[in-house]
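Subject: Structure handover

Hello,

Here is the structure I promised to pass on. Please open it next to this email and follow along.

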Amino acid sequence: MKKIILLCGLLAAICLPASATMQAREKLIVDGDTLRMASLPLDAYLKSRNMTPDDIPELKGKLSTGLWRGYLGTWEIAEGKLFLVRLESSAREPVDLAALFGKKHKNGKVPADWVTLDLYAQYGDQLIEDPFFYSQRWIYEKEKKVVVREGKVISMEDYDTLNGGHDPDMVRLWNGYGIDSDRVVRALEYIVMDGFQWNDRMTESMVIVVWYGIKEDFSHQVRGEAQLAVEGYEKMKKELPAASGALPIHEKSLARMKAIAEKPGYDAYVEEIGRVLQPVKVESFIFCGKPAYYTGHQVRLYFDAATKQISRVMTSRQSPGEIL
């Protein structure tokens with residue numbers, strides 16, 4: 001499988017913080033089924049009271065690498081409301097909910113009236129195990145969105161985590177057996193090769209590398225890799241201390257990318273590729289209601305200005321913008 005590099009600015013937001021160890025999920029019980037929840041409804045309660053898990057006797061000092069947040073909650077939707085029904089430490093020792101919540105605790109559960117969130121839970125067969133964020137972003141077949149306002153369930157919606165199944169015109173990432181990012185890139189390349197229109201600004205032959213990026217609202221943008229690199233460097237200069245030593249490392253690459261972006265005709269190539277790919281939709285995975293995986297696809301093509309021919313670049317050893 002081709003390695004997909006996600007450039008800064010194209011990554012989708014996630015519901016849970018990153019961790020180097022598997023993190024146990026919150027549980028959500030809906031109609032008797034227990035789902036894996038990617039949201040943390042208890043955090044708002046703790047924050048509103050300026051509390052941490054260490055302020056709860058059963059949780060104090062019970063952090064573990066598999067549960068950095070310090071607790072594991074089980075939640076239930078019943079009677080149109082969200083309830084907390086169990087709270088445990090990393091050692092699975094129960095918290096006394098009556099002591100923690102006082103009169104709010106009734107019939108073994110606590111109405112979560114402090115929760116105003118869109119909750120997300122996953123179920124079905126597992127499609128992806130995230131090698132970076134582990135269980136926090138495992139992708140399953142289905143996702144349930146539960147809109148909660150002051151503890152009341154306003155709506156619930158279920159949908160496929162692969163968003164291309166009902167759109168026959170969408171370029172599919174899933175081939176029926178697994179992820180096929182190579183197929184997406186090939187499709188984008190051939191769409192460009194078929195629909196590209198030359199103009200008199202395209203006088204030099206060059207390799208052009210662009211990124212097709214899926215944004216959080218499921219729209220997309222096409223940007224030249226050299227443009228993105230230059231913008232990313234300028235942003236890094238503002239955010240990193242000058243004494244960090246990190247900037248000089250990138251100076252050589254920056255000079256090369258600037259030279260590419262300033263080549264006569266570079267903008268014309270990128271603009272035309274963007275025009276051709278503008279109506280094209282590419283399938284992505286959904287996590288917490290947003291695109292989460294394979295949201296960036298690299299298209300690398302050689303444009304021969306003399307013959308007006310376009311060809312695929314078969315090796316990544318060539319530098320973007322290199323004249324063949």
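In which strand is the place of valine 153? Valine 153 sits in strand E8, residues 152-160. Helices (H or I, at least four residues) and strands (E, at least two) are DSSP runs, numbered from the N terminus.

Before going on, note that this is a predicted model: local features need pLDDT of at least 70, side-chain atom pairs count only at pLDDT 80 or more, and totals for chains, interfaces and linings use all residues. Residues are numbered from 1 along each chain as its sequence is written, and side-chain values use heavy atoms, with hydrogens and water left out.

**Valine 153**

Valine 153 is buried, at 18% relative accessible area. Buried means under 20%, exposed over 50%, partly exposed in between (1.4 Å probe, protein chains only). Valine 153 touches Ile77, Gly80 and Val147, among others, not counting residues up to four places away in sequence. Contact means heavy atoms within 4.5 Å. Isoleucine 77 is 76 residues away along the chain, yet the two C-alpha atoms are 7.9 Å apart.

**The sheet**

Four strands form an open sheet in the order E10-E9-E13-E14, paired antiparallel. E10 (220-224) and E14 (309-312) are at the edges with a single partner strand each, so one side of each has no neighbour in the sheet. Strands pair if DSSP finds at least two bridges between them. E9 (206-214) and E13 (296-304) are joined by eight bridges. Glycine 213 is opposite glycine 296 in E13.

**The helices**

Helix H3 (residues 181-195) lies across E9, E13 and E14, at about 40° to E13. Helix H6 (residues 266-277) lies across E9, E10 and E13, at about 40° to E9. Axes are lines fitted to C-alpha atoms, for helices over the stretch in contact, and angles run from 0 to 180 degrees between N-to-C directions.

The buried residues of H3 include Val184, Leu188 and Val192. Down the axis of H3, the buried residues fall within an arc of 130°, so they line one face of the helix. The arc is that of the directions from the helix axis to the C-beta atoms. These buried residues pack against E9, H6, E13 and E14.

**Confidence**

The protein averages a pLDDT of 83, and 82% of the residues score at least 70. pLDDT is the predictor's confidence in each residue, from 0 to 100. Residues 1-14 stay under 50. Residues 316-324 are also below 50. Where pLDDT is low, the predicted coordinates should not be read in detail.

Best wishes
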